[in-house]
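Subject: Handing over the structure

Hi,

Here is the structure I promised to pass on to you. Have a look at it first, and then read my notes with it open beside you.

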Amino acid sequence: MVKLEDYRGGETAWCPGCGNFGILTALKKALVDLGIAPYEVLIVSGIGQAGKLPHYMKCNTFNGLHGRTLPVATAAKLANHRLHVFAVGGDGDGYGEGGNHLIHTIRRNVGVKYLVHNNQIYGLTKGQASPTSDLGFVTKTTPRGVVAPPLNPIALALALGASFVARSFSGDIPHLVHVLKEAIRHRGFALVDILQPCVTFNYLNTFAWYRKRIYKLEEEKTYDSADRFSAFKKAQEWGDRIPVGVFYKEGRPTFEEQFPALKDGPLVKQKIELQRLEGLMEEFT
Ligand SMILES: Cc1ncc(C[n+]2csc(CCOP(=O)(O)OP(=O)(O)O)c2C)c(N)n1
Ligand code: SF4
Ligand SMILES: [Mg+2]
């Protein structure tokens, strides 16, 4: 039986009280609840405080360049589509530097689960405004306040035809575990935007600020997560009331399901014809 200790990784270097801890705990718990063992999991990350998460878990991990998690995760999923592949990163990493990759990974419906630690700031580089910083938010690089409106990741994903779009809060671990389990069970790409307070640099979007505003879509009896237009309407809410939960999900073919070469099993398990490989290598010499 899989246990939480099986996933225990290295010493953490996050600030005490950081919202990232809740995400680390919830991800391990969701995997254990679903009986998924560390050898079946790959976590890909780029650069940032969020990008350190794979260092703190014992499983397959890959730490690459800032904003480039999704191409790596896509390649890994195609090489071994039986693996549970996660991409994790910050709001800067995913919605700024890696924005272009997000668009095309959603469009392709690659079976990767994408966890965005959305602290509405660049944490690792000491507190510059990010694409999701609220209007008027003052930082060292925006001393008169942010003037561009924030990117809305939920609305963006819905508009691109994402097959699973959710938001949760790192201060509510049971809710986050529930949403992560839903995302893992979903076939295809899943975006989970996680509201993650940065206790050192984001003085505005604190745990208390979120707790006052958050409400759960699951508790709205009439909410239908199969209706993209209702989801789009909910995605516009931000400020006094902030919805969390699964905004939208639908079943549609995944990217990897459509490759004939993968029908015989994962590429990593298939027999390689060495002669063909040698021929290919020769072309590069
Ligand atoms: C190509 C590139 N550009 C910029 C940087 C500098 N840099 C490192 S982390 C970071 C922002 C991190 O913010 P975010 O992705 O929100 O992660 P957080 O630290 O908040 O978790 C930046 C700009 C870099 N390492 N590589
Ligand atoms: S700077 Fe912010 S995001 Fe980074 S570890 Fe500290 S509290 Fe967390
Ligand atoms: Mg950030």
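Some ground rules first. This is a predicted model, where local features need pLDDT of at least 70, side-chain atom pairs count only at pLDDT 80 or more, and totals for chains, interfaces and linings use all residues. Residues are numbered from 1 along each chain as its sequence is written, chains are lettered from A and ligands numbered from 1 in the order in which they are written, and side-chain values use heavy atoms, with hydrogens and water left out.

**Pockets and a cavity**

Rolling a probe the size of a water molecule over the atoms shows where empty space is left. The search runs on a 1 Å grid over the protein atoms alone: a cavity is a set of points where a 1.4 Å probe fits but cannot get out, while a pocket is an open set with protein on both sides within 12 Å along at least five of seven lines. Lining residues have an atom within 4 Å of a point. Grid points are joined across faces, edges and corners, and a volume is the space filled by probe spheres set on the points.

The largest pocket holds about 350 Å³ of space. It has 19 lining residues, and Lys77, His81, Arg187, Glu256 and Glu257 are the closest to its centre. Strand S3 (84-90) and helix H6 (173-185) are the elements that give two or more residues to this lining; helices (H or I, at least four residues) and strands (E, at least two) are DSSP runs, numbered from the N terminus. By class, the lining has five nonpolar, six polar and eight charged residues. Here Ala, Val, Leu, Ile, Met, Phe, Trp, Tyr, Cys and Pro count as nonpolar, Asp, Glu, Lys and Arg as charged, and the others, Gly among them, as polar.

The second largest pocket comes to about 220 Å³. Of its 16 lining residues, Ile47, Gly48, His66, Tyr122 and Leu124 lie nearest the centre. Helix H3 gives the largest share of that lining, four residues. The classes here are five nonpolar, eight polar and three charged.

There is one cavity of 30 Å³ or more, and the largest cavity has about 30 Å³ of space. Look for it between Gly67, Thr69, Leu70, Asp93, Gly94, Gly98, His101 and Tyr114, which line it. H2 and helix H3 (91-97) are the elements that give two or more residues to this lining. It divides into two nonpolar, five polar and one charged.

**Around ligand 2**

Trp14, Cys15, Cys18, Gln49, Asn119, Gln196, Cys198, Val199, Thr200 and Phe201 are the residues around ligand 2, each with a heavy atom within 4 Å of it. This shell has six nonpolar, four polar and no charged residues.

The axes of helix H2 (residues 69-79) and helix H4 (residues 99-108) come within 8 Å and cross at roughly 35°. Axes are lines fitted to C-alpha atoms, for helices over the stretch in contact, and angles run from 0 to 180 degrees between N-to-C directions. Leu70, Pro71 and Thr74 in H2 meet His101, Leu102 and Thr105 in H4, where contact means heavy atoms within 4.5 Å. Those residues divide into three nonpolar, three polar and no charged.

Is Ala166 buried or exposed? It is buried, because its relative accessible area is 0%; buried means under 20%, exposed over 50% and partly exposed in between (1.4 Å probe, protein chains only). Ala166 lies in strand S5 (residues 164-169). Leaving out residues up to four places away in sequence, Ala166 touches Ile154, Val179, Leu191, Val192, Asp193, Gly245, Val246 and Phe247.

Thr61, in strand S2 (residues 60-63), is partly exposed at 39% relative accessibility. Its C-alpha atom is separated by 4.8 Å from that of Ile43, 18 residues apart along the chain.

Gln120 has a phi near 60°, a positive value in a residue other than glycine, and counts as buried at 2% relative accessibility. Lys126 lies in the loop between S4 and H5 too. Its phi is positive, about 80°, although it is not a glycine, and Lys126 counts as exposed at 52% relative accessibility.

Cheers
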